[in-house]
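Visitor: Please pick one part of this structure and look at it closely. I would like to know what holds on to what, and where the pieces sit in the chain.

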There are 2 protein chains.
Amino acid sequence: MVDVPQLVEQARQGRPRAVARLISLVEGASPELREVMAALAPLTGNAYVVGLTGSPGVGKSTTTSALVTAYRKTGKRVGVLAVDPSSPFSGGALLGDRVRMSEHASDPGVYIRSMATRGHLGGLAWAAPQAIRVLDAAGCDVVLVETVGVGQSEVEIASQADTSVVLLAPGMGDGIQAAKAGILEIGDVYVVNKADRDGADATARELNHMLGLGESRTPGDWRPPIVKTVAARAEGIDEVVEALEKHRAWMEERGVLAQRRRSRAAHEVETIAVTALRERIGDLRGDQRLDALAERIVAGETDPYRAADELVDGLTNGG
Amino acid sequence: MVDVPQLVEQARQGRPRAVARLISLVEGASPELREVMAALAPLTGNAYVVGLTGSPGVGKSTTTSALVTAYRKTGKRVGVLAVDPSSPFSGGALLGDRVRMSEHASDPGVYIRSMATRGHLGGLAWAAPQAIRVLDAAGCDVVLVETVGVGQSEVEIASQADTSVVLLAPGMGDGIQAAKAGILEIGDVYVVNKADRDGADATARELNHMLGLGESRTPGDWRPPIVKTVAARAEGIDEVVEALEKHRAWMEERGVLAQRRRSRAAHEVETIAVTALRERIGDLRGDQRLDALAERIVAGETDPYRAADELVDGLTNGG
């Protein structure tokens with residue numbers, strides 16, 4: 001028996017075990033999921049959610065870790081959600097994240113959570129926003145969501161952040177990779193990490209060109225900055241924070257932040273509703289109606305489309 | 001304006017262009033899709049659907065082609081549906097299939113169709129059964145569905161056949177690959193192709209072991225045969241046909257065929273119904289209800305789950 005109100009109260013007070021427990025509850029689609037989400041609702045909406053994405057090897061975890069340090073210096077409470085779909089079964093990447101983040105392990109103002117995919121993409125897209133809500137309700141001022149920018153689902157998660165950071169590194173052919181994955185379109189801030197390596201300027205120039213940053217824009221439009229960093233030495237990290245805060249201020253000024261959050265919430269509701277409807281249909285497996293329809297299709301008396309119409313009508317009329 | 005009844009009549013008479021046009025209509029989710037499916041329904045249920053799956057390089061297309069030749073010798077009309085998801089954009093594999101199948105190109109008793117994925121797996125799982133229906137209605141006695149056995153969706157398609165053939169080749173580590181993809185569980189007939197190569201016996205033995213074919217079974221259970229072939233020289237192909245016919249007879253005797261077809265039809269209805277429900281929700285984008293719910297979530301007045309409940313209730317009460 002889980003005492004949800006008590007857990008939520010403890011999470012609000014900043015107890016890491018309560019936060020971890022709540023994330024496990026929402027992540028695992030436990031029976032208490034709905035109760036947890038209802039209890040969290042009035043506590044959410046304060047966290048600034050930053051998505052970080054990029055190909056493997058660009059230094060996402062190092063950059064994330066450096067950003068945590070920078071935000072902690074200003075007294076902010078920081079949540080980190082590391083979503084790594086490259087390792088659906090092993091959990092190896094999870095350990096890696098933890099090691100890289102270990103300098104923050106004893107800091108009570110930092111929550112770190114790794115999420116692996118559950119083998120299907122929908123699960124990931126669905127669970128991450130819930131985990132963000134927990135971190136938000138737990139009093140995080142900033143939530144950093146780190147994803148590998150390779151799949152559609154990861155792009156989706158990143159695009160659900162308030163601000164999306166796209167990371168690249170010199171000499172990795174990232175430009176092309178990023179363009180393929182569609183992540184170039186989602187960046188609000190671009191980071192060329194490992195900028196002490198050869199080719200950093202070329203990568204920045206290529207990026208500048210691909211983004212059409214040299215072209216004229218409608219005045220007042222956001223112009224994504226390109227920041228060069230060496231995250232391992234914390235170089236350029238303050239500039240990234242500055243860029244993030246500028247983007248946030250720009251969004252707030254223009255109502256874009258509220259708009260993005262509404263759109264994110266709408267998307268979330270949609271995902272949950274589709275899952276619920278799918279489950280309703282799933283419940284009909286072995287149900288006489290579906291069996292009877294299948295029988296009639298096999299007999300050539302009806303076709304799958306008319307049958308689906310009947311099924312949907314049955315469901316949508318309280319059947 | 002498409003004259004569906006005329007197209008269907010022409011397809012029934014065996015005109016290849018009409019068959020091709022109908023498949024394009026159902027594949028492309030055209031406005032006429034429902035009309036086509038309704039017109040086809042009473043004409044379907046005659047074709048014996050054989051799924052062929054296996055890793056790239058095991059000789060699926062060669063085997064398929066040899067099976068076409070074998071079935072044609074007995075006067076059967078044959079449809080081939082080659083589903084190749086490895087090439088979502090290029091269409092290169094499509095051309096390859098055509099070349100391999102070219103010996104049948106001028107045979108009026110053979111229909112060959114390649115389908116590429118449309119970039120999302122759902123599309124493939126959804127379109128293949130419709131195309132099978134067209135070939136069925138066009139009078140094909142046998143429909144061979146060739147898929148690459150690597151993804152969940154392909155396994156799904158193969159499992160929707162009346163009989164599933166799993167192909168392997170020696171020295172490709174196919175045993176392990178097949179096990180990973182879960183295709184070992186779906187075979188009704190196993191083919192070790194390229195059996196003139198070293199290691200063919202070892203592959204057959206390994207397969208025999210993995211399938212537990214040496215173990216005792218409930219009398220009357222189907223015991224998947226392992227057939228060795230050299231498809232390029234048509235060696236062993238008659239044995240494959242024999243195995244297929246045996247499996248078909250076994251299924252008919254025990255009512256398994258009808259049961260599989262009902263289950264396939266039920267699955268199809270489900271897929272279509274979920275898509276339809278998803279579209280209904282999609283229609284709500286920009287709808288006041290979803291916007292209002294999103295607004296309330298952002299304000300912390302409700303949570304995504306309660307909002308989804310409201311949305312689903314609205315839909316399922318004719319809203």
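Predicted model: local features only at pLDDT ≥ 70, side-chain atom pairs only at ≥ 80, totals over all residues.

Guide: Searching the whole structure, over all chains, turns up 28 salt bridges.

Start in chain A. The side chain of A:Arg261 forms a salt bridge with that of A:Asp162, at 2.7 Å from N to O. The two residues come from distant parts of the chain, 99 residues apart. A:Arg261 belongs to helix 11, residues 256-283 of chain A, while A:Asp162 sits in the loop between helix 7 (152-159) and strand 5 (163-168). Both A:Arg261 and A:Asp162 are buried.

Helix 11 also takes part in a pair in chain B. There, the side chains of B:Arg133 and B:Glu268 make a salt bridge of 3.2 Å, again N to O. B:Arg133 is in helix 6 (residues 121-137) of chain B and B:Glu268 is in helix 11 (residues 256-283), so this pair ties together parts that lie 135 residues apart in sequence. B:Arg133 and B:Glu268 are buried.

A further pair in chain B joins the side chains of B:Asp162 and B:Arg264, with 2.8 Å from N to O. B:Asp162 is buried, as is B:Arg264. Back in chain A, salt bridges with shared partners connect A:Asp162, A:Arg261 and A:Arg264 into one network.

These pairs can be set beside the contacts of chain A as a whole. Of the contacts in chain A with a separation of 6 or more, 75% are between residues 24 or more positions apart. Chain A contains 13 helices and 7 strands, and 55% of its 319 residues are buried. The chain exposes about 14,100 Å², and carbon and sulfur atoms supply 50% of that area.

After helix 10 comes B:Gly255, with a positive phi near 75 degrees.

How do the two chains relate? Chain A can be laid on chain B by a turn of 180 degrees and a shift of 0.0 Å along the axis, with an RMSD of 0.0 Å. The two copies are therefore related as by a two-fold rotation axis. The same surface serves both copies, since 100% of the contact residues of chain A recur in chain B.

A:Asp303 lies in the loop between helix 12 (288-298) and helix 13 (304-316) of chain A. Its relative accessibility is 1%, so A:Asp303 counts as buried. The side chain of A:Asp303 makes a polar contact of 2.8 Å with that of A:Arg306. With neighbours within four places in sequence set aside, A:Asp303 is in contact with A:Ile297 in its own chain, and with B:Met37, B:Ala38 and B:Ala41 across in chain B.

How values were computed. Residues numbered from 1 in each chain as written. Chains lettered and ligands numbered in written order. Heavy atoms only, no water. Helix = DSSP H or I, 4+ residues; strand = E, 2+ residues; numbered from the N terminus. Least-squares fit on C-alpha atoms with pLDDT ≥ 70 in both. Contact = heavy atoms within 4.5 Å. Buried < 20%, exposed > 50% of the residue type's maximum accessible area, 1.4 Å probe, protein only. Areas by Shrake-Rupley, 256 points an atom, 1.4 Å probe, with all protein chains shown as cover. Salt bridge = Lys/Arg side-chain N within 4 Å of Asp/Glu carboxyl O. Polar contact = N/O pair within 3.5 Å; in protein donor to acceptor, adjacent residues only side chain to side chain.
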